[in-house]
Amino acid sequence: MTLKNKKFVLCITGSIACYKSIELYRSLKKEGASVTIILSSSASKFISPYIFKSFGEEVYADDAFEIPLAHIELAKTADAIVVAPATYNTINKIACGIADSLITLTVSASGDKPCIIVPAMNNKMYSNEILQKNIEKLLAQKKYYFVNPAKGELACGDFGEGKFPETKDIVFEIESVFKSKKFKDKKILITAGATREYIDPVRFISNASSGKMGTALACEAIKLGAEVTLIACSIDIQNLYINKKIKLIKAISFNDLKENLINEFPKNDILIMAAAVSDFGVKEKSSLKIKKITGSSDNDTNIHLNLVQNDDLLKLIAKNKKHEQIVFGFAAETDNIIENAQNKLKEKSLDYIFVNDVTKNIIGSSENEGYLIKIMSEKDKENKNINDRDIIYEDNNHIYTNEEINKSSDIIINKTKNTGEKIIHTYKNHKNNNEGYNRYNNRWIEDSDNNLEIKRFERMDKTELAEALLNEL
Ligand code: CTP
């Protein structure tokens with residue numbers, strides 16, 4: 001929850017969309033933020049301050065003189081100022097440095113704290129050159145962020161750009177403000193969902209992947225500054241949030257995915273292959289609906305499907321990748337999960353693989369857990385200083401606990417002296433229950449036998465996991 005414990009001043013100015021700021025307020029609160037409200041005098045003609053007061057909030061009138069120095073105190077204690085909805089008048093005033101109300105005074109006193117502005121007005125007013133020039137002027141400064149208004153039918157009956165955006169889009173932008181821009185100038189291609197292999201016009205073979213992990217990765221990558229293309233395979237896009245900044249390509253079958261992947265991969269720096277791809281396709285799709293067979297015995301009514309194995313897309317793509325491109329795969333396993341994933345990482349020439357134990361009820365869930373495995377980098381190999389690395393010592397069937405290691409540092413030191421190896425961890429004797437890794441959540445552990453590093457991620461929301469995984473790249 002990026003917004004947990006963040007403090008906002010929510011400035012509501014007089015647009016007919018004022019009532020939508022109540023939903024925005026509630027969403028910020030749900031995210032764990034605290035919100036102080038300033039209601040402009042025209043906004044208070046649309047909505048009453050008692051709405052927020054009855055939620056127990058402090059509500060200020062937009063009066064520069066009611067409480068002396070309120071603007072200084074509000075600006076000082078806030079992490080960010082949100083002006084939503086922001087009228088034509090207020091945006092132009094802020095851009096021209098006019099500070100004649102509590103809202104404009106608070107913005108002017110907020111130093112380098114972020115100010116997120118959400119315009120809402122008639123489309124002609126929004127496209128007015130004066131306003132557009134002033135928006136440009138504000139955007140040229142680091143502290144101002146604009147959430148573009150939506151296009152649609154406006155309150156006055158006109159059609160165009162000027163509608164108050166969806167609350168989810170505003171919260172997304174606010175969250176983005178607090179994120180590092182580690183992927184600035186990077187292009188990331190992500191696949192999500194499940195491919196479908198049609199048997200006839202109405203029936204298909206597929207799997208239960210919902211696309212939640214892939215879409216979460218796409219959204220988080222946008223927040224971290226990347227340009228993102230998402231190939232969505234049969235995803236219920238009405239019910240999953242896909243930010244509008246994501247370039248969305250819809251695919252259904254394995255062949256659709258393959259074609260789009262081959263087309264898009266060369267344009268990207270990173271590929272994250274979260275889609276659950278059909279390993280088998282139907283040899284001959286029937287162009288007509290296959291009818292039920294009427295027969296006297298079971299044998300007469302059996303129907304046989306002829307399946308052919310599809311290419312492994314990751315293998316195909318990774319084989320031809322440029323040196324600087326990163327390929328990140330997922331693995332769904334039910335047993336020997338780390339060992340199987342390690343084999344997939346090597347066979348498919350991946351840089352990273354995240355493995356899910358799919359017996360843990362994660363398919364379709366909003367939560368996930370598993371292990372991230374990566375090839376040990378040269379930097380990691382060079383980093384042989386004993387104090388800089390996590391150390392797990394395992395001997396025969398015993399994994400030493402931290403306390404044991406601390407108590408008898410001889411174990412490590414002797415072994416280090418003898419073998420010249422700093423990290424002595426091997427999971428060999430525990431590969432079935434992954435005890436060694438489970439014990440050390442969120443720490444990279446070397447598997448020097450295989451030249452790999454492994455990190456366990458405990459169960460968490462897919463959005464949180466998406467951010468954690470992207471931060472490892
Ligand atoms: N994948 C792929 N092409 C396929 C099948 C899978 O690119 N035909 C990708 C998936 O998107 C995933 C990774 O390979 O990133 C591993 O997929 P998974 O289903 O775990 O394994 P498979 O390679 O299909 O092997 P198996 O089903 O035998 O476990």
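User: What pLDDT does the chain average?
Analyst: The average is 85, and 84% of the residues score at least 70. The term pLDDT denotes the predictor's confidence in each residue, from 0 to 100.

User: Where does pLDDT stay under 50?
Analyst: Residues 384–397 stay under 50, and the model has 32 contacts for them beyond four places in sequence. Two residues are in contact if their C-beta atoms, placed from the backbone, lie within 7 Å. Residues 408–433 also have a pLDDT below 50, with 43 contacts in the model beyond near neighbours in sequence. Where pLDDT is low, the predicted coordinates should not be read in detail.

User: How many helices and strands are there in the chain?
Analyst: The chain has 19 helices and 23 strands. Both are DSSP runs numbered from the N terminus: helices are H or I with at least four residues, strands E with at least two. Of the contacts with a separation of 6 or more, 70% involve residues 24 or more positions apart.

User: What is the strand order in the open sheet of six strands?
Analyst: The order is 3-2-1-4-5-6, with parallel pairing; two strands pair if DSSP finds at least two bridges between them. Strand 3 (59–61) and strand 6 (144–146) are at the edges with a single partner strand each, so one side of each has no neighbour in the sheet. On average, neighbouring strands are turned by 20 degrees against each other, direction ignored. Axes here are lines fitted to C-alpha atoms, for helices over the stretch in contact, and angles run from 0 to 180 degrees between N-to-C directions.

User: Which bridges join strand 4 to strand 1 and to strand 5?
Analyst: Strand 1 (residues 7–12) pairs with strand 4 (residues 80–86) in the parallel sense over four bridges, and Phe8 has Ala80 as its bridge partner. Strand 4 and strand 5 run parallel and are joined by four bridges, with Ala86 partnered by Pro119. Strand 5 is joined to strand 6 by three bridges, where Ile117 stands opposite Phe146.

User: Is strand 5 buried or exposed?
Analyst: Five of the five residues of strand 5 are buried, so the strand is largely enclosed by the rest of the structure. A residue is buried if 20 or more other C-beta atoms lie within 10 Å of its own, exposed if 12 or fewer, and partly exposed in between, with C-beta atoms placed from the backbone. Cys115, Ile117 and Pro119 are on one side, Ile116 and Val118 on the other.

User: Which helix lies across strand 5?
Analyst: Helix 9 (residues 167–177) lies across strand 4, strand 5 (115–119) and strand 6, at about 160 degrees to strand 5. Its buried residues are Ile170, Val171, Glu173, Ile174 and Ser176. Their cover includes helix 1 (20–30) and helix 10 (212–223).

User: Changing topic, which residues come nearest the ligand?
Analyst: Of the 13 residues around the ligand, Met273, Val277, Leu313, Leu314 and Gly329 come nearest. Near means that the C-beta atom, placed from the backbone, lies within 6 Å. Helix 13 (313–319) and strand 17 (326–333) each give two or more residues to the shell, and strand 17 has the largest share, four residues.

Notes: Residues numbered from 1 in each chain as written. Predicted model: local features only at pLDDT ≥ 70, side-chain atom pairs only at ≥ 80, totals over all residues.
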